[in-house]
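Hi,

Here is the structure I promised to pass on to you.

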Amino acid sequence: MSEIRIDHVSRWFRNVVAVNDVTMTIGPGVTGLLGPNGAGKSTLIALMSGFLAPSAGSVTLDGAPLWRNERVYRQVGLVPEREALFEYLTGREFVVANAELQGLADPGAAAQRAIALIEMSDAQDREISTYSKGMRQRIKMASALVHDPPVLLLDEPFNGMDPRQRIHLMELIRTMGAEGRTVLFSSHILEEVEQVARQIEVVVAGRHAASGDFGAIRRLMTDRPNRFVLRTADDRLLASVLLADPSVRGARLRAEGGIELEASDFGRFSQVLPRLAREHGVRLLEVTPTDESLESVFSYLVSS
Amino acid sequence: MAVIETTGLTKTYPRVTALDHLDVTIGDGVTGLVGANGAGKSTLIKILLGLVPATSGGATVLGHDVASEGGLIRALVGYMPEHDCLPADVSASDLVVHLGQMSGLPYAAARERTSDVLRHVGLAEERYRPIGGYSTGMKQRVKLAQALVHDPRLVLLDEPTNGLDPAARDDMLGLVRRIGQEFGIAVLVTSHLLGELERVSDHVVILDSGRLLRSSATTDFLHATGSLLVEVQGRPDADKLLGQALVDAGLTARPAGGALIEVEVRDETTRDVVRDLTVDLGLGLVRMQDRHHRIEDVFREGVAGGVQPV
Amino acid sequence: MASSPSETPSGVIHDLGYRPYGGPRLGERAVSWSFFRTGLRNTYGLGRSARSKVLPMILLGLMLLPALILVGVLVQAKDLLDLDEQIVPYSTYPLTTQLLVSVFVAAQAPALVSRDLRFRTITLYLARPMRRSAYVLVRFASLTVATFVLVAAPLLLMYVGGLLADLPVGRETVRFLEAVAGAALLAACLAGLAAVVSALTIRRGLAVAAVIVVLLVSYTVVSAIQGISLEAGHDGVGQVAGIFSPYTLVNGVQVFLFDVPEATATPPEGTAMGLLYVGATVLTVLGSVAALLARYRRVSP
């Protein structure tokens with residue numbers, strides 16, 4: 001099943017509470033761990049990989065605690081953020097070394113499989129010092145995958161990658177998730193997360209701010225009216241008609257055309273809109289929910 | 001007159017070719033620069049500033065030759081480096097005044113312009129405190145201010161949103177846009193985040209392994225595909241319900257990831273059909289947008305029709 | 001009160017948008033000069049925080065203090081002690097106070113040199129009209145002049161005091177000017193060495209320590225060798241050793257060129273040795289500048 005359960009976990013370093021009473025469950029598939037810089041994402045990943053012990057609470061994988069538990073280490077692959085690689089080793093040597101550390105029966109073969117998976121078979125005999133950023137990231141992934149772990153944790157894996165490298169890595173992560181592995185990656189760049197993981201966990205200043213599908217999270221924020229931009233064949237008419245409906249908090253005609261609208265009742269508004277448009281013969285050209293993006297959801301969560 | 005123009009620009013190092021016969025023209029407004037190879041972008045900037053000689057080929061900036069008029073170019077250009085470059089023990093105000101003078105402004109002018117420029121980038125009283133205590137967002141603003149203080153005709157902004165949180169990134173992107181539109185300064189901005197470039201630039205230049213992959217107006221990248229993305233809600237299977245209804249009505253519709261439906265636009269009545277079917281089914285209409293291409297699609301196409309791992 | 005004819009209230013809103021600059025833009029020469037002046041002022045903490053003024057000002061004060069005392073004694077007790085010249089010769093004074101000078105150079109060279117490298121502010125300079133080589137030379141010049149001020153100020157004080165004590169004007173003037181020339185050479189050598197060390201060890205604390213070590217150790221070792229060689233009757237060894245510490249080197253040059261009182265155990269004797277000293281001085285200065293230029297050429301913007 002490979003489910004990581006974080007139960008009322010706190011972790012502090014002297015006066016700094018990096019993780020503050022967080023409870024979450026990470027299951028199979030791809031989950032994005034989001035938060036501003038310094039929110040505690042790296043600390044959480046360190047806790048999940050068994051590198052840190054919680055100061056309070058428990059971190060378990062399928063019920064077994066992760067801290068100082070060698071058996072459980074074998075289930076987890078970690079791709080850390082820092083670039084602490086051994087520059088003088090070749091890619092192959094690096095992955096084999098990790099395979100040996102994991103105590104695998106046939107480290108060479110396992111390494112080859114992992115390297116083939118991340119498509120670095122051609123470059124594996126070059127020294128790591130000659131690798132580009134994307135290649136380093138992939139070789140780190142290979143070493144994290146060499147023992148075929150059901151859980152894969154990646155700390156800011158897209159940092160500084162160029163678009164092509166990023167697309168490739170996203171595909172890889174999606175594939176891992178589709179295979180049924182539990183994949184968690186952290187990021188503070190929402191553009192990256194949006195494309196790979198619809199399931200997100202948001203941490204802000206050490207606290208767990210939200211969890212789930214970000215569209216669904218948005219709709220849970222009932223204290224914030226949902227914003228839309230509409231382009232229609234008759235903005236003024238439709239705006240005046242919509243304003244009459246209680247689900248609409250406000251409507252503004254834009255100088256460049258279109259209606260900026262705030263709806264207090266999302267569900268009701270979405271039904272009222274097409275109905276009233278049809279009734280009054282107004283063609284809808286474009287309907288865009290403007291704060292359903294991950295970025296808006298995120299900034300609402302951070303600022304609340 | 002082109003702001004930047006390169007002809008056959010090549011720069012080779014012992015182990016790597018950073019720029020490979022690059023021919024590109026960059027004009028006014030905001031131009032985004034994306035690279036699929038880190039070395040190319042930074043090398044290009046150094047050559048444009050006249051700091052590094054090209055191996056072959058040439059370039060002009062604001063009409064001046066980079067090989068022979070480097071000093072003149074640097075007086076007219078502002079550069080915002082990607083890396084940390086601010087000393088910790090001076091205030092933003094003192095630093096920008098000093099750098100303004102280093103760009104050739106007389107002291108009084110440097111002082112005045114510093115005060116204005118710091119206001120434009122959004123630094124308030126913190127400008128008088130030592131830079132060491134600034135947040136990343138504030139430091140980026142200082143870096144931007146020192147690039148603007150001498151009223152350059154062109155600014156080179158290297159990953160200006162690096163390390164910024166979403167709110168600060170929005171602010172920075174807004175600033176970049178203002179510089180290009182209101183201040184009347186040509187902007188070359190690099191980023192590896194394509195969504196940002198889509199928002200902020202008029203024109204995008206894509207480099208790949210030191211060569212020009214594509215250079216077009218942003219709108220060209222984002223041209224419509226001729227389909228709509230539709231999202232409905234009200235029941236768990238709302239998207240399937242509407243999708244089926246659209247097909248039954250003779251339109252081409254298919255699932256598009258998440259709960260989205262992609263509908264091919266047949267004629268101007270297609271949107272009305274979507275609207276009306278939504279009402280008839282008792283569903284709510286959340287989204288109906290033209291589906292655009294994105295800059296990213298260029299990378300998916302690749303050179304030989306497939307994504308090339310780097 | 002008669003009411004005025006109706007006036008509509010009026011107001012103005014000024015445009016606070018971006019203003020382009022149409023004023024003069026100074027050329028590389030003026031910019032370099034401004035940069036030189038800023039660097040010079042910064043070494044004494046002027047234009048910087050109050051904290052950065054403390055050390056250099058204290059050192060300056062400590063440099064002047066002994067000179068002040070000497071001058072005081074000279075003026076007051078000249079007849080009593082039958083003094084007809086400076087108690088400490090001009091050219092010897094820097095050697096006597098070398099610890100203070102070394103500390104000054106060790107503290108300020110990193111501030112001028114290491115800082116821009118450490119924080120990579122050098123990029124912001126390189127992206128400006130002033131060329132890389134100009135940056136290096138101006139920084140070197142600022143440090144040299146700052147050190148020169150420190151070394152020469154007490155000499156000036158002594159000179160004035162000497163005049164007040166009615167020492168022969170002509171003679172004192174010549175000696176003073178010779179010592180000033182020596183001060184300039186010393187400043188250049190010290191600045192060069194300190195700048196090179198600071199450019200190589202860009203962490204400030206390390207740079208300060210490294211410069212101190214280089215300057216102190218070199219003098220200690222050289223003096224020891226000179227003392228031993230003197231005892232052993234092998235002056236030549238000691239004389240050659242003298243070129244390996246800027247203090248002994250410059251003093252030796254002054255002995256050779258101006259015949260000043262000797263302040264080291266084995267000053268250079270003969271033309272050959274004297275020319276060796278002069279050559280070594282020139283080499284130290286030019287070599288340091290060359291090393292600096294080479295080091296900065298490797299810096300990537």
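Let me start with the largest cavity: 13 residues line it, and those nearest its centre are C:S91, C:P94, C:L186, C:V250 and C:Q254. Three elements of chain C each give two or more residues to this lining, namely α3 (93-96), α7 (169-200) and α10 (246-258). The largest share comes from α10(C), with 5 residues. Please keep in mind that this is a predicted model.

As for volume, the largest cavity comes to about 70 Å³. The structure holds 5 cavities in total, counting those of 30 Å³ or more. Rolling a probe the size of a water molecule over the atoms is what shows where such empty space is left.

I also looked at chain A as a whole. Its secondary structure consists of 11 helices and 14 strands. Taken along the principal axes, the box filled by the C-alpha atoms of chain A is roughly 75 × 45 × 35 Å. Chain A has 304 residues, and 56% of them count as buried.

Two further values for chain A may be handy for you. Among its contacts with a separation of 6 or more, 66% are between residues 24 or more positions apart. The accessible surface of chain A is about 12900 Å², and carbon and sulfur atoms account for 49% of that surface.

Best wishes

How values were computed. Residues are numbered from 1 along each chain as its sequence is written. Chains are lettered from A and ligands numbered from 1 in the order in which they are written. This is a predicted model: local features need pLDDT of at least 70, side-chain atom pairs count only at pLDDT 80 or more; totals for chains, interfaces and linings use all residues. Side-chain values use heavy atoms; hydrogens and water are left out. On a 1 Å grid over the protein atoms alone, a cavity is a set of points where a 1.4 Å probe fits but cannot get out, and a pocket is an open set with protein on both sides within 12 Å along at least five of seven lines; lining residues have an atom within 4 Å of a point. Grid points are joined across faces, edges and corners, and a volume is the space filled by probe spheres set on the points. Helices (H or I, at least four residues) and strands (E, at least two) are DSSP runs, numbered from the N terminus. Buried means under 20% relative accessible area, exposed over 50%, partly exposed in between (1.4 Å probe, protein chains only). Contact means heavy atoms within 4.5 Å. Accessible areas come from the Shrake-Rupley method with a 1.4 Å probe; for residues, only the protein chains shown count as cover.
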